[in-house]
Amino acid sequence: MQADDLDRVAEIEALAYEFPWSRAIFADCLRAAYECVVLVDAHAIVGYGVLSSGANEAHVLNVCVLPGLHGRGHGRRIVRRLLDIARWQRAERVYLEVRPSNPRAIALYESIGFNEFGRRPNYYPAKKGREDALVMAIELLPPE
């Protein structure tokens, strides 16, 4: 992801989520040197992912695919790319949060090897107040 991609990324985010990240948040992620990737299909960005890492851990902050293109393996490609980046950065564990109301994402993460290990109460904004987050993680390197 580069600065020139931010308008398209923010457009996809707004189409995909009821409570989207702003363009400024994505710009902040680039400035903070988070790993920000885009998936291009037929010369257009159709998805993206954001990963932060440090202290032998990584955190998937955002994964999104253009609505209408779900079920084609794009999300899986993005998550696998983020996990590859985490491995290159020597992360031993990768975390993420996901809405319990998003069974497709949960199924994707579980199929890749993430396991649920907790909840963050009232983590996400929702139409009627707040929604909890499921916290999931995957181990990347065997313990020493």
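**Ground rules.** I count residues from 1 along each chain as its sequence is written, and side-chain values use heavy atoms, with hydrogens and water left out. Since I'm on a predicted model, local features need pLDDT of at least 70 and side-chain atom pairs count only at pLDDT 80 or more, while totals for chains, interfaces and linings use all residues.

Entry 1: I looked up the strand order first. Six strands make an open sheet, ordered 1-2-3-4-6-5, with mixed pairing. Strands here are DSSP runs of E with at least two residues, helices are runs of H or I with at least four, and both are numbered from the N terminus. Two strands pair if DSSP finds at least two bridges between them. Which strands stand at the edges? Strand 1 (35-41) and strand 5 do; each has a single partner strand, so one side of each lacks a neighbour in the sheet. From one strand to the next, the twist averages 25 degrees.

**Entry 2: who pairs with whom.** I found strand 3 (residues 57-65) running parallel to strand 4, with four bridges between them. Glu 57 has Arg 93 in strand 4 as its bridge partner. Strand 4 (residues 93-98) also runs antiparallel to strand 6 (residues 129-139), joined by six bridges. There, Arg 93 turns up again, standing opposite Glu 139 in strand 6. Strand 5 (residues 115-126) pairs with strand 6 over eight bridges, also antiparallel. A hairpin of two residues links strand 5 to strand 6, and I noted Arg 120 opposite Ala 133 in strand 6.

**Entry 3: helix 1 against helix 2.** How do these two cross? The axes of helix 1 (residues 6-16) and helix 2 (residues 23-31) come within 9 Å and cross at roughly 130 degrees. Axes are lines fitted to C-alpha atoms, for helices over the stretch in contact, and angles run from 0 to 180 degrees between N-to-C directions. Helix 1 and helix 2 are therefore oblique to each other. For the label, under 35 degrees is roughly parallel, over 145 roughly antiparallel, 65 to 115 roughly perpendicular, and the rest oblique. I then listed who meets whom: Leu 6, Asp 7, Val 9, Ala 10 and Glu 13 of helix 1 meet Arg 23, Phe 26, Ala 27 and Leu 30 of helix 2.

**Entry 4: the core.** I looked for the largest nonpolar core and got 42 residues, with Leu 51, Val 79 and Phe 114 among those with the most contacts inside it. Helix 3 (residues 74-88) gives the largest share, six residues. Such a core is a set of buried Ala, Val, Leu, Ile, Met, Phe, Trp, Tyr and Cys residues joined through side-chain atoms within 4.5 Å. Is Ser 52 buried or exposed? Ser 52 lies in strand 2 and is buried, at a relative accessible area of 15%. Buried means under 20% relative accessible area, exposed over 50%, partly exposed in between (1.4 Å probe, protein chains only). Gly 73 sits in the loop between strand 3 and helix 3, and at 29% relative accessibility it counts as partly exposed.

Definitions and conventions
Contact = heavy atoms within 4.5 Å.
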